[in-house]
Amino acid sequence: MSKTTYKIPIGPIHPSLEEPMTFNFEIAGERIQSVDLLPGDNHRGIEFMGRNRNIVQIIYLAERICGICSASHPFAFCRAVENAAGIEVPPRAEYIRVVIAELERIHSHILWAGVAALELGFSSLLYLSWKVREEVLDLLELLTGNRINYGIFMIGGVRRDITEEHIPRIRKTLEYYKDAYQTLEDVFLKDPSIALRTKGVGILTYEQALKLASVGPTARASGVKKDVRQDQPYSAYADLDIKAITPDVFSGEVNGDVYDRIIVRVLEVFQSVQIIEQCINNLPEGDIVSEPKLAKLLGTLKKAKGEGVGRHEAPRGEVIHYVKLNESENPEVWKARAPTYNNLMPWMPMLENQEVADIPIVIASIDPCIGCMDRVTLVDSQTNKKEVLTREELIKLSVAKTRRILK
Amino acid sequence: MKYFNPEELLSFLKENLPETILDSNILTRKAGVKQEEFHQIWLEVKKERFRDTVKMLMSLQFPHIAIIAGNDTGESVDLTYLFSIFYGEKFKEISLNIKVSLDREKPSIESITDLIPGAQTTEREIKEMFGVEFVGLPEMRNIFLPEDFPKNIFPFRKDQKGLDELVQKES
């Protein structure tokens, strides 16, 4: 196996990428024998930077861990600090947090669906999905002021209220997605060519999902009923009835393949719409933040001592932040973990024994950063000849396979 | 499978693991308008007994490991393993955070990758960032740091102050 690391010429900072990384595959003919994962090209030392910042400054740093999960990281971080310092969040803020987090899930899942379609060679589906996604981004901009990096989370609450004028606009978006859901179901779940390309591809069994500690839709598609919103409900999720979605709800069986991951994500879009609807119907009155004066809040945090863990079910899986406060301005320890971290190892069984043309869709199926597979080294074990495939060439191979099947 | 509440889980661990738990604490917080409770258990266990603790958890349900958080206190390197157990049912899950204190001069602990293969990524990260030796870890290469990174520098130890110092040391 080749052990050469390749520097990926994307990043280090790019709004849509979490972490560029290298994959080394060992190929026999058309099949992958094994894969070697080499992440770390985009390790920005964010936790290290957090050592020189106070708690409120870290919220904005956490938001910039990922452009797509820019509600999830501050959500988990705020919860970690609140748990450690014993700060109570007003109920209205809890509901607003959940609305924002679920809007983010809608946009993230639809973005993923578009990317997955592109990997398979359906460019028109990419345009359709991303057009559908615009609606939720516009709403997020209206509610928070930003399309990404919403800047709405604060220790003990949120920074902006959802007012009466916002409610009809939110309802309009929800109606829009109820209509769009049918389209998404038709084009992704009922289309025979997508089923042909994704069924039986990139299988992760229940055992593997459990043992490799996978999270989010990747785990749920393999039948592991694990969802923080269900298992340890927090914020407004505690008042709602949420069940982890597994693919058997739709198809009656669990195969753990790429198709099942599509099912889980498409169904979760609809679940999010229902959650937001319940939240705005039952939005409690009251304050939106427990301590509006920033200086006073920082003073309280400076005196706080203790450890806390904050968890949130992000679109890609569980985000977990660990904070240790020790009566000082900066936290003693801050550890953040994104879901892709835990979904690294499951890639290995998924990719083994797959065709080279299936690499893009299998890699995309856990919803990692898009630039991850920018360059792949292939070693032909029969000739021992090494060649580097660029992302464009790989996509060409994948598109060609779809065309072959459709013929 | 039987679900335990946090008190039951703690007493189960205390009963079955004598001379293991140094410190324990149950943190209860409330969520939502209905003020439903959720729980986090914080444990500190002896380093030698950590593997047995994980094995004991495995007899209940396959524990999900989120990550290991490292902390260099100046005297010791403390690792906090963030587990969750009893997932699958509403309100049943318990976050279980197990702290192990290691000698700072030569931090070493047994790997749990043979029990939970998914722990490999996080053990490799702690190995290169804090210089902790995991006995039995199958993959010894760096994961986030480059392969040619100086072997005696551990960036997340508190005596490392940032890039300038690292560059000077190397040149």
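Domain bounds here come from an automatic or database domain assignment. The model is predicted, so that local features need pLDDT of at least 70 and side-chain atom pairs count only at pLDDT 80 or more, while totals for chains, interfaces and linings use all residues. Residues are numbered from 1 along each chain as its sequence is written, and chains are lettered from A and ligands numbered from 1 in the order in which they are written.

In chain A, the assignment gives domain 1 (22-43 + 343-406) and domain 2 (46-339). The centres of these two domains of chain A, taken over C-alpha atoms, are separated by 28 Å. Contact (C-beta atoms, placed from the backbone, within 7 Å) links 22 residues of domain 1 of chain A with 25 residues of domain 2 of chain A. On the side of domain 1 that touches domain 2, the elements giving two or more residues are α15 (347-351), α16 (359-364) and α17 (391-406) of chain A. Of these, α17(A) provides the largest share, seven residues.

Helices (H or I, at least four residues) and strands (E, at least two) are DSSP runs, numbered from the N terminus, and two strands pair if DSSP finds at least two bridges between them. In chain B, strands β1 (residues 21-31) and β2 (residues 36-45) run antiparallel and are joined by 10 bridges; R29(B) has F38(B) in β2(B) as its bridge partner. Four residues lie between the strands of this hairpin, where G32(B) takes a positive phi near 80°. β2(B) also pairs with β5 (residues 94-103) of chain B, in the parallel sense over five bridges, and W42(B) stands opposite N97(B) in β5(B).

Notes:
Two residues are in contact if their C-beta atoms, placed from the backbone, lie within 7 Å.
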